[in-house]
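I opened the notebook to record what I looked up in this structure, entry by entry.

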Amino acid sequence: MRHKELRIALVCYGGVSLAVYMHGVTKELWKLLRASRAFHTGQSPGEGSEGVYTALLRQLREEHGLSLSVMTDIVAGASAGGINSVFLAQAIHSGQSLDPLTELWLSEADIDVLLDPDARPGARTAKFWMTPVASYLLQRPGNGVSSSVSPETREEVREKLSRLIRSRWFEPPFSGIGLSRLLLRALKAMAEGPTAVPLLPPGHPLDLFVTTTDFSGRLQPLRLHSPELVYESEHRLSIGFRGKVPDTPGKPLAPLLDLVFATRATSSFPGAFPALQISEIEQLADKENMGWESRDRFLERIMPEHVQAGDVERVSLIDGSVLVNAPFADAMAVLHERPAHREVDRRFVYVDPTPQQTFPGTPDDPKGPPGFVATIFGAVSAIPREQPIRDNLEALETASRETATLRTIAESLRPEIEDAVEKLFGRTLFLDRPTPKRLSAWRAKAQQAAWQQAGFAYHGYSQVKFSGILTLLTRIVMQAAPGVGSRRAVNDALSASLTAQGLDRLSALRGSASPPVIAFFRQHDLSFRIRRLRLLAQRTTEETILYDAADETAADRMLGITYEALSLYQAKESVSALGSAFAGVASKVFEDPAAVLEWIATRRNLPQLDSQVDTMIAEGLGALPSAARRRLLLAYLGFPFYDTVTLPLLRGEGSNEFDPAKVDRISPDDCHAFAATSALRGTEFYNFGAFFSRAYRENDYLWGRLHGAERLIDLVASTLDERPLKMEHLDRFKREAFCAILDEEEGRLTIDPELIAGVRNALASWPA
């Protein structure tokens, strides 16, 4: 049995009213995660499409020998996608249900609900003189309603648009605190609803990012050659949350008002909603009789420059899609901190509801060049939202290509390194009977031999190794004390302290580290230990292919021990492992950098952890067949030889997930089961369409679920490296999922009686 984790990093685009479609997609992902969790914990499968996903996972195990767990541990979103990201992350972390959010989108995401009470026309006679003007604008040939809204809903849209036009002018028509209240109500409804176990293993980190735009901006230092220091205004702002998944259900990812703040900030569509200021959330807390105890800590964390400058009360935040509509960079930045429990298949999945949409009024439009309003609207809102993600995807592709290259290099070095290690230990007594004490001595001997045989190359390796450790130490100081100073200044302070301790000369000419350097690496080189265990896990997985059923249990046990040891080291990477008092120590890094280094070394205590891991590895190796034990032991002891070659190629930027990351998209263009039937209605009226009609929202929500099911089944099936799922089996699972979704939603989606019936009719002839 091969064990694998399909880890999804989800990125949700902005899309105005297409948020309803994206909710359908994320809800289906939530159901897949619930099915995976239940399947691997022996619980009964859930209802509807969850049961179909459970059956799919069971077939992968029973017929393909793959035990697959599906996890989402990174979620990022902007604007409307940010709303869905926050609620999905909350559901994953707490085990709460997403159903309350469905009711929010279907019932409350309407123009009449979102209009600010102070902006509503008080009566049909309000601004009566605007009625003929509104009628002309909405009825004239070529108007936006006639050209972009379906005939059966034009009257409903015109009536609501008339109220919108006759509302207050020169101020946002929609209520900011009204939206905040809706978001808080949905979060409370989730907390009060049914709760199951969290959808990640206990202790696993969950990262959530939503983007927003700091309207006024904040000055950031920029170092140049001449002049040495200048300042530029930074408007991009990412609000991040990280939580270690608890053992018990129901615990939120973050305080509710912190989540409301982030969700409201990312969805402040320019001109439609007022910019978010802190006073709005404070006012909401007062009206709801809630305390916002986390306020100061939260603001210090997300806006340290404004807090330090004392102007945080005046900060105005607008829609995250203005500058960052596809927040891949945030999701990519936390990959290096992921714990691994077994083989990982990492996917970046992004939801794009309108992948080929162009903004009306571009030069390609037969109507001619854009007009005055279209130009302004496109420049400040629409075009930034549609900016391609090519740069992010190219960065991912480059990282994946480098990873694949390094694996190729490692494989090509394997015979030579195994021969070198064999010569080093071939006549060693008791090599086939490792004990913790022997493993420790053998590791030290192999390390010394690798350094000596590397010759002059060891200088480059040791420098990259040292710089990488220093970078990670700097990062953890910055995490503990965000406002302490610039990254460069902290790095320089730590480097100067280490130089004073005798680390100015990293190695001697013959490739032998000095005693202070050896001590430094033993105390702080956490990444080396993680890379070594990743290699051992990879080799153990390769070995299992050679085993018969009798030896497979021992191999699985060895793999489990390896990942358990790996998690022990990875737990030491987080700032929380250094204790709550470390923040105070880190804040004094310029006064006493040696104390910071000593604190980290003492709290991590890596030499003691090495002894614990040696005991675990010796136990796992001892249960293996003799030949396999020897091969794995030689790989484990030979890792320093691999590392001296591959680490300089990584430039010290190692990742804990060494398999290449793949990118998958979920969009209407990628779903072919109902290609001739599906049509999103939120795309009408410049992507605001679903806010004008519940029928539109029900339509888009249903298609989001159907498209999500189709693509997620494809995604799960693609994890099979060999003997892929037969097409007829794939189609069967999709059909069963579609039918389950229709059965689930038939009682809820009732505005358009043809919606469910039309999909059922189309399904009757699929596949053709």
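The entries below follow that order.

**Ground rules.** I am working with a predicted model, in which local features need pLDDT of at least 70 and side-chain atom pairs count only at pLDDT 80 or more, while totals for chains, interfaces and linings use all residues. I number residues from 1 along each chain as its sequence is written, and side-chain values use heavy atoms, with hydrogens and water left out.

**Whole chain.** I looked up the secondary structure and found 31 helices and seven strands, where helices (H or I, at least four residues) and strands (E, at least two) are DSSP runs numbered from the N terminus. Of the 768 residues, 54% count as buried; buried means under 20% relative accessible area, exposed over 50%, and partly exposed in between, with a 1.4 Å probe and protein chains only. The accessible surface of the chain, by the Shrake-Rupley method with a 1.4 Å probe, comes to about 32,700 Å², and 55% of that belongs to carbon and sulfur atoms. I then turned to contacts (heavy atoms within 4.5 Å), and among those with a separation of 6 or more, residues 24 or more positions apart account for 80%.

**Salt bridges.** Side chains of opposite charge can pair when their charged atoms come close. I counted a salt bridge wherever a side-chain nitrogen of Lys or Arg lies within 4 Å of a carboxyl oxygen of Asp or Glu, and by this rule the count comes to 39. In one of them Arg236 pairs with Glu234, with the closest N and O atoms 3.1 Å apart; Arg236 counts as partly exposed because its relative accessibility is 48%, whereas Glu234, at 17%, counts as buried.

Near the end of my list I noted Glu745 and Arg748, whose side chains meet at 2.9 Å, N to O. Glu745 is buried, since its relative accessibility is 1%, and Arg748 is partly exposed at 23%.

I also looked up Arg760, which forms a salt bridge with Glu746 at 3.1 Å between the closest N and O atoms. This pair links distant parts of the chain, with Arg760 in helix 31 (residues 753-764) and Glu746, 14 residues apart from it, in the loop between helix 30 (727-745) and helix 31. Both count as partly exposed, Arg760 at 27% and Glu746 at 42%. Salt bridges that share partners join Glu28, Lys31, Arg34, Glu50, Glu103, Arg705, Glu744, Glu745 and Arg748 into one network.

**A buried charge.** Which side chain of opposite charge is nearest to Glu710? I found Lys734, 4.2 Å away, and Glu710 is buried yet has no salt bridge; Lys and Arg count as positive and Asp and Glu as negative, with His and the chain ends not counted. Glu710 sits in helix 29 (residues 694-717), and beyond its neighbours within four places in sequence its contacts include Asp670, Cys671, His672 and Phe738.

**Cysteines.** I searched for disulfides, meaning pairs of cysteine sulfur atoms within 2.5 Å, and the structure holds zero. Cys671 is buried, with a relative accessible area of 3%, and Cys12 is buried at 0%.

**Surface patch.** Leu219, Leu229 and Tyr231 make a nonpolar surface patch of about 330 Å². Patches are made of residues with over 30% relative accessible area and no salt bridge, like charges being joined within 9 Å and nonpolar side chains (Val, Leu, Ile, Met, Phe, Trp, Tyr) within 5 Å. I placed Leu219 in strand 3 (residues 205-223), and Leu219 counts as exposed because its relative accessibility is 59%.
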